[in-house]
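Please keep the sequence and the 3D view open beside them.

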Amino acid sequence: MGKKQADTGPLSRRPDNSAFKQQRLPAWSPSLTAQTVLPTFYILSLVCLFLGVWLLITVQKTHELKVDYTNAGTCEQCFELRKHAINTGTPCTCSVQFYIPQNFLGDVFFYYGLRNFHQNLRRYMDSRDDAQMVGRKNNLKAPSSYCAPFDYGANKVPVAPCGAVANSMFNDSFTVIYYPTNEPEVQVPLYRKGIAWYTDKNVKFRNPPTNNTFTLRQAFEGTIRPLYWQRPVYELDDTDSNNNGFINDDLIVWMREAAFPNFKKLYGVLNRAQGPFNQGLPSGNYSISIIYNFPVEPFQGQKELVISMVTWFGGQNYFLPIAYLVTGGLILVAAIGLTMVFVKVGKKGKNMEE
Amino acid sequence: MGSLLSACGIDVKKKKVEEERHLRANDREFNLSFKYANNAIKTSKYNVFTFLPLNLFEQFQRLANAYFVFLLILQLIPQISSLSWFTTVVPLLLVLSITLAKDLSDDITRHKNDNHVNNRKVDVLIDGELKSEKWMNVQVGDIIKLENNQFVTADLLLLSSSEPLNLVYIETAELDGETNLKVKQALTITGDLGNDIQKLAAFNGEMRCDPPNNRLDKFTGTLTVGGELFSVDNERILLRGCTLRNTEWCFGLVVFGGPDTKLMQNSGKSIFKRTSIDHLMNALVIFIFGFLAFMCTILSIGNAIWEYQEGNSFIVFLPRADGANASLSAFLTFWSYVIILNTVVPISLYVSVEILRLGNSYFIDWDRKMYYVKSDTPAQARTTTLNEELGQIKYIFSDKTGTLTQNIMTFNMCSINGKSYGEVVDFAGQRVEVTEKTEKVDFSWNSLADPKFYFHDHKLVEAVKLGSPEVRAFFRLLALCHTVMPEEKTEGELYYQAQSPDEGALVTAARNFGFVFRSRTPETISVVEMGVPTTYELLAVLDFNNVRKRMSVIVRNPEGKLTLYCKGADTIIFERLHPSSTKLMEVTTEHLNEYAGEGLRTLALAYKDLDEDKFEEWRERHHEASTSMDDREEKLDAIYEEIEKDLLLLGASAVEDKLQDGVPQTIEQLAKADIKIWVLTGDKQETAENIGYSCNMLREEMKEIFIVAANTADAVREELVNARKKMSPESGDEPPIEKSRFPGKKSQVVEDEKVDGEYGLVINGHSLAFALQKDMELELLRTACMCQAVICCRVTPLQKAQVVELVKKHKKAVTLAIGDGANDVSMIKTAHIGVGISGQEGMQAVLSSDFSFAQFRYLQRLLLVHGRWSYLRMCKFLRYFFYKNFTFTFVHFWYGFFCGFSAQTVYDEWFITLYNLVYTALPVIGLSLFDQDVNDRWSFQYPQLYAPGQLNQYFSKMAFARILLHSCYSSLILFFVPWAAMCDTVRDDGKDIADYQSFALLAQTCLLIAVSVQLGLETYYWTAVNHFFLWGSLSVYFAVTFTMYSNGMYLIFTSFVPFIGTARNSLNQPNVWLTIFLTTILCSLPVVAKRFLFIQLKPTINDKVRHKVRQAEAVPAPLPRKFPRRRISTRRSGYAFSHARGYGDLVTSGRFLRIPVKTRPALFSHSETPVADSIPQTYRTIFEETQSP
């Protein structure tokens, strides 16, 4: 078997008697019998129902609050102001009041949300240069053609970071203030760092090489800031010089383009080290004051602040729990139906007679 | 330069069309002026330099590859390019290189063969002496010397030979597959040259003849020698490809060399067969193109609307190029989506289909159960592209001789002077079944006996030894009255070259019983009679033909006595007997009936002593008739008729035409599988009927067997209509023609009609000729297709092809033709699938067949096991392949609605590149190579399992539509569940996960797992290989994904792998896995539920058998072998002549025989009207016979 036979002799052309060549390989032939199908259906339906219930409980313990500030509160004026591009330089600040009905226990996350902003347009998504943002010196001065028309500014000065994505970076900033019932107002402290993926922060985005004498500013010499930006990339964060350049957390978060036109991106995490917030975010009255820079009127978009708790399951998303409950239910119904059919028709194998 | 170009395979200047070939012997200079091709042949297509460009050029001519290139060009336009170039280039390169490798290995083989042939040596006459030359250096006009058993080097004009009368014997096996020897004769003028080298070197004959052509049977030309003109025809030409036999040497003048030879002109024009699935696939591909255009149109309209409504306001963030507006954007988007959605067009499908067809062909080659030990012949799939068609056969057209029967004739019984010999009787006088163990007659007393000849009745030998004059006369007749050519290589080792195996059997029988036919010249026959060498003077051979149905010889024995010996069909002989033989005739008739009942082929033998005077007188008139110019045949027949009368009966011989092993069982199995079998045979009606019964085609329990044997067109039509009305009274006059969906399409497809019960139909050659005419063929088709078994007798090769063509054209059914001889070639080539039996009659049938094996019984394994599996696998493959690609593609379509129809892909580009090539390629090939619903034994047990293939149930337009819907459902699940689960959620550490890259990873993982589960549901037969492929592919997916998204890869290929870290960051999230689990369940469970319901409510035969398999845990016992019952019947058997004309002409006059025209289909053009071929014959029907006891 398997051995090559001699080339001559009366049986020289006889095929090998191997299981493979004779198509007799040992095999497992499962088939859809009642013994296999019905238990599978019942078990799967139970699994789905169980998962559904578990997830539902989990999600119900997760609170989320969305505050749309597009033109709410005092932001009406800012909204009007940002309608026209001439006023880009004019600062505008406004604030919106909101109420948190229940305590947000544990870690609380603050997101900014945009609606109807298409970060997933093909040309928009392509309009970036990863090689530039990984800090390669050559690419810094010679942005990819994909970035056009945001690749070079006037006089052919390269833009850093180039491209439409970076150019349209979200640039509102928030200050959240808590109004305890009997106490003076407190600013809600936010961590604004550690909000990006580890891999993005450490691998995908890197600054051009610097050292003690060669500053970031010098590294970026010969480039200009993107058209819509008010500050150059090396001065994005005036509080922490290590958070400047391509490794700025807000920039990184923005550069991870959303898959859908409605999305939210992490802005900050509640710093629970202080006073009233060590359990989380207490219920009560709050306000946000917004430095309103980002225009949404052109694309009929909306902006919101999302405050959310997070569990092992992520944020508050009712889809999966409900989907599992519905699926489990459907499978159960199907299983019962199939059982009935089987009992009626196929139990004694009558249907299998010729 | 010219040589370079011609080396590149490009003919610079179109060769002037040669109108006449003109050449002069021994004058190279003169001949070279015409630039005739020399004898080198080139079947290879490429050389080292041309291979790459030429092969690529050919490949890009294929639609699939051209489409790839078109896509590639689209992708290079930045405004359109929605995918990176590598998504197209990688698959294209893979496909191209696979084909390239295959073509390369093919061409290397061809080069080797060419070199081998071109470097053969032959003796060429150059400058007055014989020199050994390579074949390739032989030029037109050279004179070459051939020796015995050498291949003929080129197409030669025979000049002279060593044999008397300048005859040469050649074997044409390589050319037309016939192994019997043929004779060619040189012109006397050249024959006189002999082997005198000087004369030959001085020979300066000029030859003019036809330009090179491919007609093997025709040659016209003239030879001018010394101012005298001689006509040259085909009889003086030796064709390349033949082999010289029994001839010491011969000289020939090269007329056509190398590519101009008829052999080469005939090769390479094989018909390319395509399966019905191929046709369906082509139709589907066109539909898919349309569907693709439709989807792209929708999406581009969507894009126009979006750009108009929203895009305009998004310009702030994403400025448009100058002059771009919504409509331009929509136009570009259309093409971008053509690129993205191109995966619906199954380009890689073709490659995979080829691979799995090849695999299934190998399984046929490897099958031990189709290997014939006795001749060491395995089955062979000669065409590797038709396998799945084997699972859809509805009609089998079979040759009889050599296919159903072994074409080994054995002398079995005889009746001599009213005494029957051949039966073995035990002591009690009971007849004993002859088996292997039965004692054989000892022929050792006869040193010239053929050791392979067996006979079991001792009485006959005793009778011969005792010197019974009748018995001796009987065998003397057998030894003298025939046209067999003997060959005695060494003393006592005799070989007979017989035109028909019957004759061989009879002469061999005579040989063993002491009347050894030893040698013959045109005038004499030398026989060793009971050890005494005797020479008879051969005075006349009254040759066989189909009207006479007898042959006679007139010989003078050494004592000077004149005798006419005659053998022929019993009915014919009995009419010409002397009244004194009447009594003997009655006894012999009884014996004949007995033999016929056992399916033996019989001949009656008679003789007559002649007067010298009368004979002389007859001889003169015979000479007159044989030289007359007009109506020679008729005149000769009349002359023969005159002398063949008042014969004295000697007895009758019975030759057994042995059925091949397992033929009845095979036919029964195939009938159970609802395959209709038509036997098309050259035999006469009685013989064919008998074989029909003995091989179980015609059965006693059939309701009726119709015999169509009429002599006029109207009568034939009437008999056909009557038969049809009997089978189905309500069937109308107009054939039920399926309405063609394309008006104006010519083909009329006749639907099947309902019949109550089984019927058989026998139609004789003459009626068939009428029935095949244009106005009656549909009538024939309707009647014949209602019958379970059809036997057509006396069919010419052309008619065989016509019958097959008729069914092929008007029935929506797959046909298979099986045969072994050159006369089956036409039908083998015509049918959807041709099967050749590698048996007795040479290789011609095998060479033109698609599948070949040694025994008819392997057909059931080929169809019921291999064919069925191949069909099943192919359909499963196609269904699954379309499913996975459609599902893959539709997800893009849905995403279009969320990304502003901007032709953004859902998946990572690398995933798009590798999805078909790596992640899903092997599992689906594993599925379609190894899957079997039930094993081979169960397939035999339930031939009904074959039916779905015939009805095209597993893959049709309907099935395709279902796949489309299924894919649509799956893609909805696979897009919207991840969308809903992800659009508003975050990771467990609050960070982003609703980003594009995470979503792409999630969507592609869901997709891959869902289609893998679907593959699992399709798989019935999980071998280790399947497991390995499936799990392996999934692991490879994760391995590749993690590698591709790793830091290292990103730092090296920054702009090609932007998905850095995505796998690590999202595949560690529980909600991602929960989503994958949910999509998998939602995709697969409905399929399971639906299948389970169908199995319960409407189980197919397949489900039922699988149920039985589960119940019978042990494998079923092998089928009980049924032995065919011995049929006791009075049906008269056929007589033992199956050939056309004998060697009579040659034997007597030294003129060579007319070569029977049975070579290539193209050559049958002489009988355009089938009627012209068949001579009116009257046959008794079975009914008449059964009525007259």
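1. Where in chain A is the place of A:Pro149? A:Pro149 sits in the loop of chain A that runs between α5 (137–141) and α6 (163–167). Please bear in mind, here and in every later point, that you are looking at a predicted model.

2. The peptide bond leading from A:Ala148 into A:Pro149 is cis, with omega near 5 degrees. A:Pro161 also belongs to the loop between α5 and α6 of chain A, and the peptide bond from A:Ala160 to A:Pro161 is cis, with omega near -15 degrees.

3. Turning to chain B as a whole, you will find 42 helices and 36 strands. Of the 1189 residues in chain B, 59% are buried. Among the contacts in chain B that have a separation of 6 or more, 75% come from residues 24 or more positions apart.

4. One pair of residues in chain B deserves a look of its own. B:Leu600 has its place in strand β25 (residues 600–610) of chain B, and B:Leu600 counts as buried because its relative accessibility is 2%, where the cut-off for buried is under 20%. The C-alpha atom of B:Leu600 is separated by 5.7 Å from that of B:Ala654, although the two residues are 54 residues apart along the chain.

5. Two residues of chain B call for a check of their backbone angles. B:Asp646 has phi near 55 degrees, a positive value in a residue other than glycine, and lies in the loop between α19 (632–643) and β26 (648–659) of chain B; with a relative accessible area of 39%, B:Asp646 is partly exposed. B:Asn952 has phi near 60 degrees, again a positive value in a residue other than glycine, and is placed in the loop between α32 (947–950) and α33 (957–982) of chain B; its relative accessible area of 30% makes B:Asn952 partly exposed.

6. The next points concern helix packing, and two packed helices are described by the angle between their axes and the distance between the axes. In chain B, the axes of helix α28 (residues 858–896) and helix α34 (residues 996–1018) come within 11 Å and cross at roughly 160 degrees, so α28(B) is roughly antiparallel to α34(B). Their crossing is right-handed. On the side of α28(B), the residues that make the contact include B:Tyr880, B:Tyr883 and B:Phe888, while those of α34(B) include B:Phe999, B:Leu1007 and B:Leu1015. The residues of this contact divide into nine nonpolar, three polar and four charged.

7. Helix α28(B) also packs against helix α30 (residues 921–930) of chain B, at an angle of about 155 degrees and with their axes 8 Å apart, so these two helices are roughly antiparallel. The crossing of α28(B) and α30(B) is right-handed. Here B:Arg873, B:Lys876, B:Phe877 and B:Tyr880 of α28(B) meet B:Val924, B:Leu927, B:Ser928, B:Leu929 and B:Phe930 of α30(B), and by class the contact has six nonpolar, one polar and two charged residues.

8. How many charged residues does the contact of α29(B) with α35(B) have? The contact is made by residues including B:Trp910, B:Phe911 and B:Leu914 of α29(B) and B:Val1036, B:Tyr1037 and B:Met1044 of α35(B), and by class it has nine nonpolar, one polar and no charged residues.

9. A last topic is the nonpolar cores. The largest nonpolar core has 207 residues, and those with the most contacts inside it are A:Phe117, A:Trp254, A:Leu281, A:Ile307, B:Leu878, B:Phe882 and B:Tyr895. Helix α28(B) gives the most to this core, with 17 residues. A second, separate core has 51 residues, including B:Leu506, B:Phe513, B:Leu538 and B:Tyr565.

10. Apart from its neighbours within four places in sequence, A:Ile307 is in contact with residues including A:His63, A:Glu64, A:Phe98, A:Phe110 and A:Leu281.

Conventions. Residues are numbered from 1 along each chain as its sequence is written. Chains are lettered from A and ligands numbered from 1 in the order in which they are written. This is a predicted model: local features need pLDDT of at least 70, side-chain atom pairs count only at pLDDT 80 or more; totals for chains, interfaces and linings use all residues. Side-chain values use heavy atoms; hydrogens and water are left out. Axes are lines fitted to C-alpha atoms, for helices over the stretch in contact, and angles run from 0 to 180 degrees between N-to-C directions. Helices (H or I, at least four residues) and strands (E, at least two) are DSSP runs, numbered from the N terminus. Angles under 35 degrees count as roughly parallel, over 145 as roughly antiparallel, 65 to 115 as roughly perpendicular and the rest as oblique. A crossing is left-handed if the near helix is turned anticlockwise from the far one by less than a right angle, and right-handed if clockwise. Contact means heavy atoms within 4.5 Å. Ala, Val, Leu, Ile, Met, Phe, Trp, Tyr, Cys and Pro count as nonpolar, Asp, Glu, Lys and Arg as charged, and the others, Gly among them, as polar. A nonpolar core is a set of buried Ala, Val, Leu, Ile, Met, Phe, Trp, Tyr and Cys residues joined through side-chain atoms within 4.5 Å. Buried means under 20% relative accessible area, exposed over 50%, partly exposed in between (1.4 Å probe, protein chains only).
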